[in-house]
Amino acid sequence: MKIGFVGLGNMGGRLASRLAGVGDLTVYDVYAPSREAFRDRARVAASIAEAGAGADVVGVCVRTGEQVRECADALLRAMQAGSMLMVHSTISPDLVLTLAQEGAVRGVEVIDAPVTVTRYGVPDGPFVCTMIGAGETDTERVRPLLDAYATEAVHTGQLGAGMSLKIINNLVSLVQITVAEEAFRLAALAGVPAEALTRVTTQNGALTPTMKVIAARAGAPPADRETYNAREVQARNGVKDLALAEDLAHSLDTPSAAASFAKGQYYHAYTANLPKPARPAIRT
């Protein structure tokens, strides 16, 4: 099997690493160091189109819908009839459907296959859950790839539904993060030790595993500028995904108060340093 992969960032790079050895792998990223990291493990393409030329299946894992659009424009012109384009990025379901229509004209099948991490801190082995918006036959076509990087592949059966599932999953996670960030900031300002808040919310079941990650770093600023920059990128990604959740709700003629609230609060909540614990003010 000839495999192409575009987007070698934090998530895409890990996905592509798991595909080395599964087939004849060709990779591409706009960032030269990311490309060079694969020099001994795969063929490194000089362009997006080159990564897709002659491939049986191509994965795309970039950050935004605009970037997916750019990749698809190049890939659909280069990919051969009968091949498949897998979109791992979190984008709108409508864009998935549009790309699928454009791909069909050229005989290229497009499916949504967004991912979410299920195993942290594990350098080898499958580490994501993949949400597949495609028929079961199409899913089996890419089974070697799924077996390489997915702890589980959740088959939704409808093009675009995999992306909707990812957006909803992110809504759940990002709202929890927003609440946890605000809770520990309030606790610090009120003179409540982070350990006390963690203890109580663990006892009553309110502190979820996602929120415990925030609790673990409560009160600690980023270790260095690189750590802060990574947090800032994650914050922008979170706002983007919450906007997708809000748009999804609106497209279904239902409000999403949680998405709208979190979208307005998430960036500041995720990037602002927690204040140092303070003594509560004495009120008279």
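Student: Which residues does Ser34 touch, leaving out those up to four places away in sequence?

Tutor: Ser34 touches Leu8 and Asp29. Keep in mind that this is a predicted model.

Student: Where is Ser34 placed?

Tutor: Ser34 is in helix H2, which covers residues 32-36.

Student: And is Ser34 buried or exposed?

Tutor: Ser34 counts as buried because its relative accessibility is 15%, and the cut-off for buried is under 20%.

Student: Switching topic. How many aromatic pairs does the structure hold?

Tutor: The structure holds 1 aromatic pair. The partners are Tyr266 and Tyr270, and the pair is stacked, with 5.4 Å centre to centre and 10° between the planes.

Student: Why does 10° count as stacked?

Tutor: Planes under 30 degrees apart count as stacked, so the 10° of Tyr266 and Tyr270 falls in that class.

Student: Where do Tyr266 and Tyr270 lie?

Tutor: Both are in helix H12, residues 257-271. Tyr266 and Tyr270 are 4 residues apart, about one turn of the helix.

Student: Are Tyr266 and Tyr270 buried or exposed?

Tutor: Both Tyr266 and Tyr270 are buried.

Student: What about the loop between helix H11 and H12, which residue is found there?

Tutor: Asp253 is found in that loop, with helix H11 spanning 225-251. Asp253 is not a glycine, yet it has a positive phi of about 60°.

Student: Is Asp253 buried or exposed?

Tutor: Asp253 has a relative accessible area of 74%, and over 50% is the cut-off for exposed, so Asp253 is exposed.

Student: OK, whole chain now. How many helices and strands?

Tutor: The chain has 12 helices and 9 strands.

Student: What radius of gyration does the chain have, and what would a compact globule have?

Tutor: The chain has 21 Å. A compact globule with 284 residues would have a radius of gyration near 19 Å, and the value for the chain agrees with that. Along the principal axes, the C-alpha atoms fill a box of roughly 75 × 45 × 30 Å.

Student: What share of the residues is buried?

Tutor: Buried residues make up 44% of the 284 residues. As for contacts with a separation of 6 or more, 64% involve residues 24 or more positions apart.

Student: And the surface and charges, what are the numbers?

Tutor: The accessible surface is about 14100 Å², with 54% belonging to carbon and sulfur atoms. There are 27 positive and 29 negative side chains, and the centres of the two sets lie 8 Å apart.

Note on methods:
Residues are numbered from 1 along each chain as its sequence is written. This is a predicted model: local features need pLDDT of at least 70, side-chain atom pairs count only at pLDDT 80 or more; totals for chains, interfaces and linings use all residues. Side-chain values use heavy atoms; hydrogens and water are left out. Helices (H or I, at least four residues) and strands (E, at least two) are DSSP runs, numbered from the N terminus. The radius of gyration is taken over C-alpha atoms; the globule rule is 2.2 Å times the number of residues to the power 0.38. Buried means under 20% relative accessible area, exposed over 50%, partly exposed in between (1.4 Å probe, protein chains only). Contact means heavy atoms within 4.5 Å. Accessible areas come from the Shrake-Rupley method with a 1.4 Å probe; for residues, only the protein chains shown count as cover. Lys and Arg count as positive and Asp and Glu as negative; His and the chain ends are not counted. The place of a charge is taken as NZ of Lys, CZ of Arg, CG of Asp or CD of Glu. Rings of Phe, Tyr and Trp (its six-membered ring) pair if their centres lie within 6.5 Å; planes under 30 degrees apart count as stacked, over 60 as edge-to-face and the rest as tilted.
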